[in-house]
Amino acid sequence: REAARSMWRTFSHPQGWPVIWFISEFHVKISNLLYQTLDEILVKRRYQPTRLEAIWRVIQPCDPAYCSYQLLPMPEDIPPLVVADKEQWIANCQDENVVIIEESPLDDWVTAFEFRQLAQDTPYHAQYVTQTHIRSALVPPEAIDRIAEVESECWAEEVGTHHPAENLTWRQFREALLSGHQLEPLESQGCLPFTAFKEKHIGFLGFHATASFSSHLFRTFSLVFNGVDVFDGDDRVGRFEAWQEGYPDEDYDDQPLAFGVRFQVTRHFVQKVCEKLSCAFAVRTIENRFVMEAYKQEPAEKCSRTTLRVWPIPLPSDNKS
């Protein structure tokens, strides 16, 4: 009871009301037993440093870079979710691939990787939710006609070093890219991932996903990190952003109403990459829409739409230098 009273006084929802975390005594005992067992095994046996590092990356609790990162508000170019007609909202999202060959030039900053979740809430729960996934790839000219058939592995390079259940801090993610955690991409894949990413697992205090250029681009263009941004010489060519905004108007939900991460690159660097590698630049956007019901985890209705946008070489120009 004293612990509950202490948590009531200590933890507060950002909108003002108290938040109580219920942790059962059984959960505490099992957790302590697990870590005592791991400690005893690791002390008594001699393991190689790589095995110790693999274990640590599975159980490490947080990313120091995330703890010191100041989350941004929702970017101005992302409109809030406003659903006026549910039936129309669902009907506009079709489960099919739409391929667009772009003739307009790229923006000054191009989103090459993104995950974002937006929600529209009622007084009791978030009724409408969208999740958007953006990936990008370099596509040889002869593969543009079959862009819809490109395998998912070609759209982004998932960074993994030791174990599928591991979590990576930003420093570990950066070191994996710079040290070449992955060999040269296979010729049979046809397309090259433009970005690399790593999503976190439940229980890890860190970015929903970390993202940057693929390891192949880091090697080819000798790119360097400066914090979470990437430089080509003195020019900043890539920037990582994490943002969060709003909370549902509901007492038992402390999840953000809208949040996301994205990695953006400059138009000029995209042009440089495409010219050197003789590839078109392609962006795949998958939007999932959900209609939720109160106190139910599974959506009552859902739909999905995939859009593929391709900028063939030479890239369209607006005559800006």
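**Cysteines, strands and a pocket**

Author: A search of the whole structure finds zero disulfides, a disulfide being a pair of cysteine sulfur atoms within 2.5 Å. This is a predicted model, in which local features need pLDDT of at least 70 and side-chain atom pairs count only at pLDDT 80 or more, while totals for chains, interfaces and linings use all residues. Residues are numbered from 1 along each chain as its sequence is written, and side-chain values use heavy atoms, with hydrogens and water left out.

Reader: How far is the sulfur of Cys67 from the closest cysteine sulfur?

Author: Cys67 counts as partly exposed because its relative accessibility is 49%. The closest cysteine sulfur lies in Cys62, too far for a bond. The distance is 4.3 Å.

Reader: Is strand β6 largely enclosed or largely open, and how many of its residues are buried?

Author: Strand β6 covers residues 195-199; helices (H or I, at least four residues) and strands (E, at least two) are DSSP runs numbered from the N terminus. The strand is largely enclosed by the rest of the structure, because the buried residues among its five number four.

Reader: Which residue of β7 is the bridge partner of Ala196?

Author: β6 pairs with strand β4 (residues 157-158) in the parallel sense over two bridges, where two strands pair if DSSP finds at least two bridges between them. Within that pairing, Glu158 has Phe197 of β6 as its bridge partner. With strand β7 (residues 209-213), β6 pairs in the antiparallel sense over five bridges. In β7, the partner of Ala196 is Ser212.

Reader: Which residue in β13 stands opposite Glu287?

Author: Strand β13 (residues 301-311) runs parallel to strand β1 (residues 97-101), joined by five bridges, and Val98 has Thr307 of β13 as its bridge partner. Strand β12 (residues 280-291) pairs with β13 in the antiparallel sense over 11 bridges. The residue of β13 opposite Glu287 is Arg305.

Reader: Which backbone oxygen does the side chain of Ser136 reach?

Author: Ser136 belongs to strand β3 (residues 126-139) and counts as buried because its relative accessibility is 0%. Beyond its neighbours within four places in sequence, Ser136 has contacts (heavy atoms within 4.5 Å) that include Cys154, Trp155, Phe194 and Phe281. At 2.9 Å, the side chain of Ser136 reaches the backbone oxygen of Ala112.

Reader: Which strand supplies the largest share of the lining of the second largest pocket?

Author: About 760 Å³ of space lies in the second largest pocket. Of the 30 residues that line this pocket, the closest to its centre are Glu114, Arg116, Ile134, Thr285 and Arg309. β2 (109-121), β3, β11 (258-266), β12 and β13 each supply at least two lining residues. The largest share, six residues, comes from β2.

Reader: How are a pocket and its volume defined?

Author: On a 1 Å grid over the protein atoms alone, a cavity is a set of points where a 1.4 Å probe fits but cannot get out, whereas a pocket is an open set with protein on both sides within 12 Å along at least five of seven lines; lining residues have an atom within 4 Å of a point. Grid points are joined across faces, edges and corners, and the volume is the space filled by probe spheres set on the points.

Definitions and conventions: Buried means under 20% relative accessible area, exposed over 50%, partly exposed in between (1.4 Å probe, protein chains only). A polar contact is a pair of N or O atoms within 3.5 Å; within protein, one must be able to donate a hydrogen and the other to accept it, and residues adjacent in sequence count only if both atoms are side-chain atoms.
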